[in-house]
Amino acid sequence: MRIETPPLVRAETKTKEVIKLAHGSGGKLTRELIENFIKPKFGNRILNRLEDAAVLFLSENLLAFSTDSYVVRPIFFPGGDIGKLAVCGTINDLAVVGALPLGISCSFILEEGFPLETLNKIIDSMQKVASQTGCQVVTGDTKVVEKGAADQIFINTAGIGVIRTKSHLSIEQIQLGDQIIVTGTLGDHAAAIFVARQNLPVTSSLASDCAPLHSLLGSLWNLSGKIRFMRDPTRGGVAATLNEIVKDKEFGIELSEDSLPVKPEVRGICDLMGFDPLNLASEGKAVIVVAPDATEIVLGILQQHPLGKEACVLGRVIEQPKGLVYLKTNLGTKRIIDLPVGDPLPRIC
Amino acid sequence: MNQQEEKTKALIYCVKCLGGRLKENINFMEVCGTHTVAIYRAGIKQILCKKTRLISGPGCPVCVTPNEFVDKAVWYALQPKTVVATFGDMFKVPGSESSLAEAQAKGGQIQLVYSPLEAVGLAEKHPDLKVVFLGIGFETTAPLVAYAVLSARKSNLHNFLILSGHKTVPEALEKIAANPLLNLHGLILPGHVSCIIGRRPYDFLAQQYHIPGVISGFEPEDILESLCMLFKQINEGRCEVESQYRRAVPEAGNQKALEIIQEVFTRRDLEWRGLGVIPGSGLALREKYSNWDAEVVFPARINKPRQHRGCICGAVISGLKEPEECSLFGQTCRPEHPVGPCMVSSEGACGTHYLYQARGGFYED
């Protein structure tokens, strides 16, 4: 059987070409969009059939399934764009439960008038990450809404993956004395977005840490048993992740201020705006709870990986106070780290 | 141990030693909300001996803004072709009936900004809209707002208006110093405000009211050093206004900033939540800038403001009560469902108290 080769007309879009409502009509323009933009990039045996659902072959029976929507503004920022974020986000949600993505779906909601060239760039960057991870976009959808009904582009991705760890990673596995490891610096993503959004007159090398974690975290999967739980600290930052861990539990978490890994430029933004790096989102980091005797091994493995060079111990699981996260400050005092309430507010005094 | 760590350790030791030598119980007030946050975040109260009590003062701009101001802001937000531009802290502050956040849900137009100049830009971009900027804050924000008014005048922009609730710190401190119920032994004076007004305007505190003061920076070490300086004054029987924050605070203030405030604003009597009307403590736009004064061009029509039942923010702001003495604290009033402004603001005494201290049990003696 001959495999159809995709038409070669795509990439060379004229700058004036924009998304029209008819691109979402299901008619000729929709067809063109898929043939010229989607298939040439994401194209694979499963997707190219353009059937109502992707049919996947599974050899094992423990599956992970995750979905997330992406509405970031601005859509391009130092270190990434909405497309890269959308693919990394779903890959990471699978990776933290110990699953390798088998296939992901991708749905676009596009605003009428959105430049096709920009869409092309976003698809390019999605495909780049997907191919890096060896995972394919196997199904998808495109809708177009009237100008003003959406802000440029929204993307939803969902991913399905096979669990590779021998034991189940879960908050329930966490025990007293376990160590909390973070795979790198905190808050890089949120700080980079903030700078890009506010157009702050700050010159720095600050960039989002947006990255797929499947290979970094995959290197730990055969240690399962020693790895209790993993989560990527996105919205709400590490503070939210740790508070979710201790909620209604018979243990608490103690952090140490002097061991918080924060880049100087992120610290600067926080000082300027009154933010707490513990509340800021990362998009390429994971919080890992490990058995105390495995701490050194885990750190050793993580630090050998380019995405885990700055991995370090953030804190530990303690008996008191139950259900709370607290920080031991540099002065030797203690303070509660709570769930953030809403968005961080600017300082006006 | 590096040099910084050694210095921190030495400061902690000094605070403990000097505090331990006190002969009687003493009350210090940290005037500024940013100091309140820094003190709680660093856990400085855990270092102080039992004889020393730190009281949060009125230096949180959102907290001292009375309901009347919020009511006016809400009224503006709900007018057709009008946008209220504000710093984020004001967004959730409840007024008599509604907050700006609730007004937005009802269709009111509110734009959060980080600088008054952003609001000027908004007015330039939308000539068909009136942009009302909420001028709150102390001497720190007043020069920025004054500059925004001058920019609007320069570009002949008449859809940019200021609702001025600006306040000045020394006048409020005089009211607090004169209150015998507070029994204050020392003041930690605001660093940022002092960058503008300098050290001298506080001299009356020591001279007339015999209360020592130290202008402080905002790092934990700055505050520890300021506490040491206050303890030393008390132990040596001195009473002066000193500056720990010499790296930023000029003796006579920032002349340029003071000039621009003087050019655009004039003094007036103004109401502070909890402290009542304080003579000469408010800044209103001068008559020659009345074209940019929302209260002149486009006065808000509001009902008589109401207070929240059971909320004791007023007493907390004036230092007479601790947040925990409020029956609503941590119950119906929490950061996610604030009743009073002290729980809303990131610098409010109640919010800070709740977030960093109330549930930890770190302070049980």
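Colleague: Which residues of α2(B) are buried, and what makes them count as buried?

Modeller: In this predicted model, the buried residues of α2(B) are B:Gly33, B:Thr34, B:His35, B:Thr36, B:Val37, B:Ala38, B:Ile39, B:Tyr40 and B:Ala42. The label asks for 20 or more other C-beta atoms within 10 Å of a residue's own, so each residue on that list reaches this count.

Colleague: Why is helix α2 of chain B called mostly covered?

Modeller: The helix spans residues 33–42 of chain B, and nine of its ten residues are buried. Just after α2(B) comes B:Gly43, with a positive phi of about 70 degrees.

Colleague: Thanks! What are the domains of chain B?

Modeller: The assignment gives domain 1 as 24–309 and domain 2 as 313–355. Their C-alpha centres lie 18 Å apart.

Colleague: How do you know that residues of domain 1 of chain B are in contact with domain 2 of chain B?

Modeller: Contact requires C-beta atoms within 7 Å. By that test, 26 residues of domain 1 of chain B are in contact with 19 residues of domain 2 of chain B. On the domain 1 side, α2 and β2 (52–59) of chain B are the elements that give two or more residues, and α2(B) gives the most, with five residues. By class, that side of domain 1 divides into 15 nonpolar, eight polar and three charged residues.

Note on methods:
Residues numbered from 1 in each chain as written. Chains lettered and ligands numbered in written order. Predicted model: local features only at pLDDT ≥ 70, side-chain atom pairs only at ≥ 80, totals over all residues. Buried ≥ 20, exposed ≤ 12 C-beta atoms within 10 Å, placed from the backbone. Helix = DSSP H or I, 4+ residues; strand = E, 2+ residues; numbered from the N terminus. Domains from an automatic or database assignment. Contact = placed C-beta atoms within 7 Å. Nonpolar A, V, L, I, M, F, W, Y, C, P; charged D, E, K, R; others polar.
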